[in-house]
Amino acid sequence: MAPQGLALEETKLARDQLAQDVERATGGDVVVERVLGEGRMARVYQAEQQSLERKVAVKVLLPRRARDRSTLIRFGREARAMAGCTHPGIVSVFSVGETSRGLPFFVMEHIEGETLEERLRRKGKLPLREVTRIVTAVADALTYAHGCGLVHRDVKPANVLLERGTGRVLLTDFGLAKAVRGVTRITTLTGTGEIMGTPEYLSPEQAERGEVDARSDQYSLAVMAYEMLAGLLPFPGPTPQDFVRQHVEDTPPWLPRVEPTIPVAVSKAVDRGLMKEPGARFGSAEAFGQALKGASEAALAAEPRRRLWWGYERQLVQATAIYAGAAWGVLEALTWVLETFGLPMAFRQPALLLVIGGLPLTLALLCYARNRPRPIEI
Ligand SMILES: Nc1ncnc2c1ncn2[C@@H]1O[C@H](COP(=O)(O)OP(=O)(O)O)[C@@H](O)[C@H]1O
Ligand SMILES: [Mg+2]
């Protein structure tokens, strides 16, 4: 018998007309398994592609959004943007299609794992090494997209996928991506004056004037880096209007004050990435990633040596004390046994040698056990 959770999931799917429409449009090649996520514009399913026996993700436009012509255009643009920009850090698109009700969808590689948003919700903040790895990977993907003439415009943790097992970091959701030459004003493009992007991560120029170029993606990436390091956003909001004002006017709390373990050089790189004036930031997302990497590697290289040295010293004292106590106890007990049973005291010599010989071995084992390199989570 199917477990109850699965039965419920199937009932939910049976009512999901959209999933059935997608399956029919692919001639049954794609079989939808479950909903992965849903945003303002689209729903994303996990599915199985029968012909190639592989997991895929399918993103389909929501029926209520299909009446809006600009959304339709944007959705088609997203698939083309992702398909035309092949990079290990950008989710690959396999095919596009349209349901019988005229809803566009595209089939893409399925990333087994979690979003950065989910990881942050689970862990609060992330270690410097992990932050550096994620930021440099997203920076590389962004730099590549910028080279393709695309600005992402919605860089945020919910759009960063972390693959389980391989540790791959992938940028997704190019739904707001825009082909941009130089600085482009986007309010005229939407025609509604509606702010595009997510208020928490908007650059000041995007929030205030609707202007975007590669440097505004770099700003959003710096907001993300700040959030990963501090465990909270640089600006607290909470309303969209508050976020816009804070991005334009406020200075975020100094990172080492929020989280004292953050090296000053790392904090300086993030601060530069968060400059209000686009010209004062890094020249590219890649330059930001590299600056953060350089600062964090220098700090990490200096720190373990300090920690290890202090660790060894303390452990040596502790281990010697414990060992000396235990050895004294063993020798006392042996002496008592020899005296009680009238055995020759010469029997003490081998025990003494064993105790003395065991000391360096015990110390070495203890130090190794305490200082062995720990794997970082991928
Ligand atoms: N290729 C994928 N593999 C696995 N999960 C995905 C994939 N694409 C999207 N998702 C999941 O679906 C959610 C919504 O996808 P996204 O493209 O960001 O849509 P939206 O435009 O609605 O924000 C993501 O946050 C993620 O949880
Ligand atoms: Mg999204």
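Mentor: Let's start with how the pieces get their names: helices are DSSP runs of H or I with at least four residues, strands are DSSP runs of E with at least two, and both are numbered from the N terminus. Before going on, note that this is a predicted model, where local features need pLDDT of at least 70 and side-chain atom pairs count only at pLDDT 80 or more, while totals for chains, interfaces and linings use all residues. Residues are numbered from 1 along each chain as its sequence is written, with chains lettered from A and ligands numbered from 1 in the order in which they are written.

Trainee: What makes residues 211–212 a strand?
Mentor: A strand needs at least two residues of type E, so the run 211–212 qualifies, and this is β12, where Val212 sits. By that naming, the chain has 13 helices and 12 strands.

Trainee: Is Val212 buried or exposed, and how do you know?
Mentor: Count the other C-beta atoms, placed from the backbone, within 10 Å of its own: 20 or more is buried, 12 or fewer is exposed, and in between is partly exposed. Val212 has 26 such neighbours, so it counts as buried. In space, its C-alpha is 9.5 Å from that of His152, 60 residues away in sequence.

Trainee: Which residues is Asp217 in contact with, apart from its sequence neighbours?
Mentor: Contact here means two C-beta atoms, placed from the backbone, within 7 Å of each other. Leaving out anything within four places in sequence, the partners of Asp217 are Leu142, Val151, His152, Val155 and Ala285. For the chain in general, take contacts between residues at least 6 apart in sequence: 66% of them join residues at least 24 apart.

Trainee: What makes a set of residues a nonpolar core, and which residues have the most contacts in the largest one?
Mentor: The members must be buried Ala, Val, Leu, Ile, Met, Phe, Trp, Tyr or Cys, joined through C-beta atoms within 7 Å. The largest such set has 80 residues, and Val58, Val138, Leu221 and Ala225 have the most contacts inside it. Helix α8 (residues 214–230) gives the largest share, 11 residues.

Trainee: How are α5 and α8 oriented to each other, and how do you know?
Mentor: Under 35 degrees counts as roughly parallel, over 145 as roughly antiparallel, 65 to 115 as roughly perpendicular, and the rest as oblique. The axes of α5 (residues 128–147) and α8 cross at roughly 170 degrees and come within 11 Å. That makes α5 and α8 roughly antiparallel. Residues meeting there include Val138 and Leu142 in α5, and Asp217, Leu221 and Ala225 in α8.

Trainee: What makes two strands a pair?
Mentor: DSSP has to find at least two bridges between them. β1 and β2 have 7 and run antiparallel, with Val32 bridged to Ala47 in β2. A hairpin through 3 residues links β1 to β2. β2 and β3 have 8 antiparallel bridges, and Glu48 stands opposite Lys55 in β3. β3 (residues 54–61) and β5 (residues 104–109) have 5, again antiparallel, and Lys59 faces Phe106 in β5.

Trainee: What is the strand order in the sheet, and why are β1 and β4 at the edges?
Mentor: The open sheet has 5 strands in the order β1-β2-β3-β5-β4, with antiparallel pairing. β1 (30–38) and β4 (93–98) each have a single partner strand, so one side of each has no neighbour in the sheet. Neighbouring strands are turned by 25 degrees against each other on average, ignoring direction. Helix α2 (residues 17–25) packs on this sheet, touching β1, β2 (42–49), β3, β4 and β5, with its direction at about 140 degrees to that of β1.

Methods:
Axes fitted to C-alpha atoms, helices over the stretch in contact; angles between N-to-C directions.
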